[in-house]
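Here is a short briefing for a reader who is new to this structure. Look it over, then read on topic by topic.

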Amino acid sequence: VRGVGRRSRRLFDIFVAEVPWTVSNRELKEYFSQFGSVQRCQLPFDKDTGFHKRYCWIKFSTPQDVQNVFQKDSHILEGAKLALREQSRRRRSQRKNPSE
């Protein structure tokens, strides 16, 4: 059961960096919902500072939703340009089984 939880973290479609301190998980989910159905938004927090770590992962319902995000040239929230990177399932599987 524990392995399933760990594996699901690797199934995010987009990594988002440069998230402004003032943006919440809810706001990120609302913003990315304009491109499709957001299944999950994970915005990790630093336990010591109480602030989020300025990056997150977004999981969409379909690959088309992900393509919709990347069709837009830039994504700006509260005046800051977000840095987006599509997660590669192939790379993750290679990292998981380096002996193959």
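This is a predicted model: local features need pLDDT of at least 70, side-chain atom pairs count only at pLDDT 80 or more; totals for chains, interfaces and linings use all residues.

The protein chain has four helices and six strands. Its average pLDDT is 84. Buried residues make up 30% of its 100 residues.

**Overall layout**

**Confidence**

- In the protein chain, 78% of the residues score a pLDDT of at least 70.
- Residues 1–9 stay under 50 in pLDDT. The model gives this stretch two contacts beyond four places in sequence.
- Residues 91–100 also have a pLDDT below 50. That stretch has six contacts in the model beyond near neighbours in sequence.

- Four strands form an open sheet in the order 2-3-1-6, and their pairing is antiparallel.
- Strand 2 and strand 6 stand at the edges with a single partner strand each, so one side of each has no neighbour in the sheet.
- From one strand to the next, the twist averages 20°.
- Strand 1 and strand 3 run antiparallel and are joined by four bridges. Within this pairing, Ile 14 has Ile 58 of strand 3 as its bridge partner.
- Strand 2, residues 38–42, is also joined to strand 3 by four bridges, and these two run antiparallel.
- Val 38 has Phe 60 in strand 3 as its bridge partner. Arg 40 stands opposite Lys 59, again in strand 3.

- Helix 2 lies across strand 1, strand 2, strand 3 and strand 6. Helix 2 runs at about 145° to strand 2.
- Helix 3 packs on the sheet too, where it touches strand 1, strand 3 and strand 6. The direction of helix 3 makes about 145° with that of strand 6.

**The two sides of helix 3**

- Which residues of helix 3 are buried? In this helix, residues 63–71, they are Asp 65, Val 66 and Val 69.
- Seen down the helix axis, these buried residues of helix 3 fall within an arc of 100°, so they line one face.
- The general rule is that an α-helix has 3.6 residues a turn, so residues three or four places apart point the same way.
- The buried residues of helix 3 pack against strand 1 (14–17), helix 2 (25–32), strand 3 (55–60) and strand 6 (83–86).
- Pro 63 and Gln 71 are exposed, on the face of helix 3 turned away from its buried side.

**Aromatic residues**

- The whole structure holds eight aromatic pairs.
- One of them joins Trp 21 and Phe 51. This pair is edge-to-face, with 5.7 Å centre to centre and 65° between the planes.
- Trp 21 sits in the loop between strand 1 and helix 2, while Phe 51 sits in the loop between strand 2 and strand 3, so the pair ties together parts 30 residues apart in sequence.
- Tyr 55 and Trp 57 form an edge-to-face pair as well. Their centres are 5.4 Å apart, with 85° between the planes.
- Are these two residues buried or partly exposed? Tyr 55 counts as partly exposed at 25% relative accessibility. Trp 57 is partly exposed too, with a relative accessible area of 21%.
- Phe 12, Phe 15, Tyr 55 and Trp 57 make up one aromatic cluster.

**Ile 76 in strand 4**

- Ile 76 lies in strand 4, residues 76–77.
- At 48% relative accessibility, Ile 76 counts as partly exposed.
- Which residues does Ile 76 contact, leaving aside neighbours within four places in sequence? They are Tyr 31 and Lys 81.
- Ile 76 and Pro 20 are 56 residues apart in sequence. In space they are 9.8 Å apart, C-alpha to C-alpha.

Terms used. Residues are numbered from 1 along each chain as its sequence is written. Side-chain values use heavy atoms; hydrogens and water are left out. Buried means under 20% relative accessible area, exposed over 50%, partly exposed in between (1.4 Å probe, protein chains only). The arc is that of the directions from the helix axis to the C-beta atoms. Contact means heavy atoms within 4.5 Å. Two strands pair if DSSP finds at least two bridges between them. Axes are lines fitted to C-alpha atoms, for helices over the stretch in contact, and angles run from 0 to 180 degrees between N-to-C directions. pLDDT is the predictor's confidence in each residue, from 0 to 100. Rings of Phe, Tyr and Trp (its six-membered ring) pair if their centres lie within 6.5 Å; planes under 30 degrees apart count as stacked, over 60 as edge-to-face and the rest as tilted.
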